[in-house]
Amino acid sequence: MKKFNTILLIDDDQATNEYHEIIINLAGVANNIHSVTSGQEGLDYLTSKGNYNGQEDSYPQPDLIFLDINMPAMNGFEFMIEYDKLDASQKGRHIVVMLTSSLNPDDKARAADNNNIKDFMDKPLSKAMVLELREKFLP
Amino acid sequence: MKISHKLILAFGVLILVLLVEIVLNQVISNRATQTYQTLQSEINPAVTILNKYEGINKELNLLISNRVNGDDRISSINRIKGIVEVELTYIVTELTTLHDALAEDHANRNHLATLIANTDDLIHTTIKFKDLLNIKEQENKTDLARGLYNTDFSNLTYSIDKSIKQLDINYNRAFESYNNELADNLKSVSRIILFTGAFGVILAIIITFQITFSISRSIHKLKVAALKMSKGNLDERIKVKGQNELAELGSAFNKMANALKKSFTAQEKQIEEIQSVNKELEQFVYVASHDLQEPLRTMTSYINLISELYIDQLDNNALKYMTHVEDASARMKTLIKDLLDYSKIGKEKTVTTVDLNAIINEILLDHELIIKDSNATVVFDPLPTLNGLQMELKQLFQNLINNGLKFRKEGTDPYIEITVEEQSDFWLFKVKDNGIGMDEKYFERVFVIFQRLHNRNDYQGTGIGLSICKKIVDMHKGEIWIESELNKGCTFYFTIFKKLKTI
């Protein structure tokens, strides 16, 4: 079965990140999982800047990014604004936005406006949801 | 000047005018009476006597003339006797009375004196004449008589006649002058009455108009100000002029307006404060329940994980404890969700036209499965279309129907009936079920948030359904209450205001 090469988890709550890592591993859909606890760190990771100052010419380009909306300093939508400015070589292939509350229609509408956001879900992820995503994005 | 003083002055003047008229009237009456009395006592009797005397005089003259010329009749002789003894005597008495009644310098007094003297003479002369003719032996008595007649007698009667005529003229003149005087007096008095009357009336009219005008203008100003205030303009004040009673009323009005404005402003401020506190509370509840969900989710996730991944390493007690934690977390999740839902009710405050029949049908469709499973029947009257909040009204009916299905009697198929009754300002709805019912001591409590009547194991739910119903009914300006008996089902009554425009 196909796997995502790298999945990037962006959530300010470390416990949530750990939980999602476990779920994804249980589902067995990813080769690599990297989690960060802020939008800025996520950008640094994608652009190999800041703490990830390393090989300038190769970027991680994760297959899938799980993005929390409610984060301090830079929330999910603000992250997307910065994300849009990235080079194509730096961007990931897909993004999934996750909700903090149960399907707030305003957030959902706003997410639909952004072309890079391919799906919108409730937290927490479950094994079934992750498998569904694999079906959807790695046919 | 004070209005009461003005009025007293006006009335005073009028009364004064009236008094003047009365006095003048009295004066005139007295004058007229006096004149009349003078006429009666002085002039009338005089004129009467004089006229009588004139007649008697002429008659005597004629009789004597006839006697001299041979009239020997007894009737004539007797008549002459009668005249002399009675009439002339009587006339003398009357004339004397008239004479004596006159003042010393009165013109007629002398005339009357002369006339009286002449009359006496006439009497004597006539007696002399009579005696002469009665002497039997006298020769030439007829000639002598004639001679007497032609001289003394004629002179006397002529003189008397003249006197009478003179007196007559005098008395008539006096009568005329009295009349004229009276007429003049009447004229001048009536002129005075006319002028004072007119003056009084004009003065009264002026004062009446002035007072009425000032009163009604002030009243009008007061009315206008009061109406403006009633429409919400609390800054309206009256311009106060002068110091009379209406000015006092105006000042009092202004004081009242000031007090009203102050009180209103204070109240408005209070209302604003309360509203802002309410908003804060609403937001607080929303945010709190919202933020509470996040860590709860984490707890639930990890507990599940532990149960799944480490089930081998957990003994029965540990598993039991884990189960308790799981259940508690799940309950908390539901509680928070319900709290969130409760606070969200009416956030969308747009009133629209809602077709209740469509709503009930929607609810029945949503619950198709459970209705079929429990073999339930839901019937409803044709329901009205009314003004309200679409989602909330659906929630209201849904909760009640749900309860009817949930709290059913064992062994009895649920039967739920929805009816409606039109009242003057409200729609009265009735949702009746045949379920387990409740004791009347719980009728109020069940509408309180998170209040339950049954153990968690017997019936699920957080106890928020009916408090949501109450909140929704309150928003629609209605009331909700229960009629029920244990084991005999429940009937929920609630009213919805017919003319809802905004929340």
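1. In this predicted model, B:Phe429 has B:Phe494 of strand E7 in chain B as its bridge partner. The two strands concerned are E5 (residues 426-432) and E7 (residues 490-497) of chain B, which pair in the antiparallel sense over seven bridges. B:Phe429 is also the bridge partner, in strand E5 of chain B, of B:Val420.

2. The pairing of E5 and E7 belongs to an open sheet of five strands in chain B, with the order E2-E4-E5-E7-E6 and mixed pairing. At the edges stand strand E2 (377-380) and strand E6 (480-484) of chain B; each has a single partner strand, so one side of each has no neighbour in the sheet. On average, neighbouring strands here are turned by 15° against each other, with direction ignored.

3. Helix H9 (residues 390-406) of chain B packs on it and touches strand E4 (415-422), E5 and E7 of chain B. The direction of helix H9 makes about 175° with that of E7 in chain B.

4. A hairpin connects E4 to E5 in chain B through three residues. On the pairing of E2 with E4 in chain B, the two strands run parallel and are joined by four bridges. There, B:Val379 stands opposite B:Glu417 in E4 of chain B.

5. Over all chains the count of salt bridges comes to 22. One of them is formed by the side chains of A:Lys123 and A:Asp68, at 3.5 Å from N to O. This pair links distant parts of the chain, 55 residues apart: A:Lys123 is in the loop between strand E5 (117-122) and helix H5 (127-137) of chain A, and A:Asp68 is in strand E3 (residues 64-68) of chain A.

6. B:Glu294 is buried, with a relative accessible area of 18%.

7. A further salt bridge lies within chain B: the closest N and O atoms of B:Lys165 and B:Glu54 are 3.4 Å apart. It links distant parts of the chain, with B:Lys165 in helix H4 (residues 141-230) of chain B and B:Glu54 in helix H1 (residues 3-68) of chain B, 111 residues apart. B:Lys165 is partly exposed, at a relative accessible area of 39%. Elsewhere, salt bridges with shared partners join A:Asp11, A:Asp68, A:Lys123, B:Glu294 and B:Arg297 into one network.

8. How much area do chain B and chain A bury between them? The figure is about 1,000 Å², of which 55% is on carbon and sulfur atoms. Nine residues of chain B and 13 residues of chain A take part in the contact. Across the interface of chain B and chain A there is one salt bridge, and four residue pairs are in polar contact, both residues being at pLDDT 80 or more.

9. The backbone at A:Lys123 deserves a separate entry. A cis peptide bond joins A:Lys123 to A:Pro124, with omega about -10°. A:Pro124 lies in the loop between E5 and H5 of chain A.

10. Two residues of chain B have a positive phi without being glycine. For B:Asn375, phi is near 55°; this residue is in the loop between helix H8 (368-373) and E2 of chain B. B:Asn375 counts as partly exposed at 46% relative accessibility. For B:Lys477, phi is about 60°, and the residue is in the loop between helix H10 (465-475) and E6 of chain B. B:Lys477 is partly exposed, with a relative accessible area of 47%.

How values were computed. Residues numbered from 1 in each chain as written. Chains lettered and ligands numbered in written order. Predicted model: local features only at pLDDT ≥ 70, side-chain atom pairs only at ≥ 80, totals over all residues. Heavy atoms only, no water. Pairing = 2+ DSSP bridges. Axes fitted to C-alpha atoms, helices over the stretch in contact; angles between N-to-C directions. Contact = heavy atoms within 4.5 Å. Salt bridge = Lys/Arg side-chain N within 4 Å of Asp/Glu carboxyl O. Buried < 20%, exposed > 50% of the residue type's maximum accessible area, 1.4 Å probe, protein only. Buried area = accessible area lost by both parts, 1.4 Å probe. Polar contact = N/O pair within 3.5 Å; in protein donor to acceptor, adjacent residues only side chain to side chain.
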